[in-house]
Amino acid sequence: MSTLASPLTGTGTLVRFALRRDRVMIPLWVGVNALMVLSMPNTLKGLYGTAGERADLMEQLATNSSLRALVGPVFDDSLGALTAWRVGVYAGVLAAVTSILIVVRHTRDEEESGRQELIASGAVGRRASLTSALLTAAVADAVLALLVSAGLAGQGVAGALALGLGLAAVGMLFATMAAIVSQFTESARLARGLTSGALGASFVMRAAGDSATDDGSSLLTWLSPLGWLENLRPFADERWWVLGLFAAAIAAQGAVAYLLAGRRDVGMSFLPTRPGPATGRLRTAGALAWRLQRGSLLGWSIGFLLAGVVYGRLAEGAADLVGDNERARAIVERMGGQSAITDAFLAAMIGMLGLVAALWIVASVLRLHGEETSGRAEPVLANAVGRLRWSAGHLVIAFGGAALIMLLAGLGFAVGHGREAGPILAGCLVQVPAVWVVGGLTVLLYGLSPWPAPVAWGVAGAVLLIGWIGPALDVPQTVLDVSPFGHLPKLPGGGMEWAPVLVLTGLAAGLVAAGLAGIGRRDLRA
């Protein structure tokens, strides 16, 4: 590259290339997020259709700290304000996750695989790749803002614009944070994990702050970007100046990312990877897979254990909230089964964690894809290690890890709710076969092609969409049955049905076998 070239030379071309590569992932994640938000007004209209019902809701939230920790405070009783209350924080989390995936994929992932070195050898500026990654994230966030603003304009133009801009601002804040983290680690997986950990800490601080006050004024709430989003107060006398906080944070983090990007070599990082052991501890492909994935599994395990404790503690408060509302009761029972409302709520929350566990198994299986495309699989397979042994090492962790995190979630539910552990553990473990089906489909996709990531994440997103939004929209049961989770018994509270559990387990085994057969037949990176 010429020393006279602009640091941003080639940015436009790289943006077009990134958008082409993400032509499946971005529409899927943005579409799921927008649909979740835009579906809420009609759902809430059915739940709280009268002024009296909305007044009761606000009164209950003012006195129920557990529910405020879960979804935040409500600032007005209009449908728009209730929409921002019900899904604003979670839509912000999804926007942040989308931006993190985009930025890490087009920065650290490219360097880790060696592709960035090839790109940098052409007429490409030193900061063009970072700029293109941030612009790609900005495009995704802008589309989300446009969809939300246009879709909710009927509830109030100012409030719709505030919510749309707030969601985009959360996405860009975590995009620039991911850009900084990507400068400090040589591993894309670690970069995603650290930034996601910061997002989780932001959610926890917001929850702790909201449980302490009913108006979002806690210091902990203001220390969290998700707390800024709720304090923007869409549809409730908008605080436009909060967007200035987002703008300042985004600009500051972006400046730091650009400064760091200009002070290191391509492929390097400010915190070099710790070298592995020279002898003794990595004698098998399975041991290597465990070393590569143990950090991720530990993080997910802790997260699911804590989530179980939190949701277990919320169960009684949630029952108080929906107990007198037939529409809300119907939605919870559709997600959690026809049982006592507390058991139905527990079953619904367990089901939600099962859906999230599907994201773990997709990410874990796709570690095979990362090892292959980065070139690290070839030296392993050049030794006395067959493809099936190499694959099996990662798949044991992926499928066994899914069972482990659901087991830990069950223990968390039991501790948080303070009841007998057996029925709750059964409810969590019964989710595992459906999670395994998603993992098996990912293995099959990888066996057919070394580039399965967009389709695999698309499957996970579709399953999440059906399980999360489907019951609230009262979609037909035939649609819910498209997801493997739609066939599971609703525990605790419902009756155990072994037939669907065994069928899903067999289906998962068949998908894995077919995927492994494909891995054994195709060329690496074919």
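**Aromatic pairs.** I note here that the model is predicted.

I took the pair W222 and W241 as my example. The ring centres of W222 and W241 are 5.8 Å apart and the planes meet at 15°, so I wrote the pair down as stacked. The cut-off I used for stacked is planes under 30 degrees apart.

Next I checked where the two residues sit. W222 belongs to helix α12 (residues 219–222), while W241 is in the loop between α13 (225–231) and α14 (242–261), so the pair ties together parts that are 19 residues apart in sequence.

I then looked up how open each one is. W222 has a relative accessible area of 23% and is partly exposed. W241 has 51% and is exposed. The second value passes the limit because exposed means over 50%.

I also recorded one aromatic cluster, formed by W300, F304 and W360.

**Charges over rings.** I looked for charged side chains above rings and noted two cases. R206 lies over the face of F203, 4.7 Å from the ring centre. R522 has its charged end over the ring of Y446, at 4.8 Å from the centre of that ring.

**Nonpolar patch.** L305, L404, L407, L411 and L429 make a nonpolar patch of about 350 Å². Which helix gives the most to the nonpolar patch? I found that helix α20 (residues 387–417) does, with three residues. I picked L404, which is found in helix α20.

Note on methods
Residues numbered from 1 in each chain as written. Predicted model: local features only at pLDDT ≥ 70, side-chain atom pairs only at ≥ 80, totals over all residues. Heavy atoms only, no water. Phe/Tyr/Trp six-rings, centres within 6.5 Å; stacked < 30°, edge-to-face > 60°. Helix = DSSP H or I, 4+ residues; strand = E, 2+ residues; numbered from the N terminus. Buried < 20%, exposed > 50% of the residue type's maximum accessible area, 1.4 Å probe, protein only. Lys NZ or Arg CZ within 6 Å of the ring centre and 35° of its normal. Patch = residues over 30% accessible without salt bridge, like charges linked within 9 Å, V, L, I, M, F, W, Y side chains within 5 Å. Areas by Shrake-Rupley, 256 points an atom, 1.4 Å probe, with all protein chains shown as cover. Salt bridge = Lys/Arg side-chain N within 4 Å of Asp/Glu carboxyl O.
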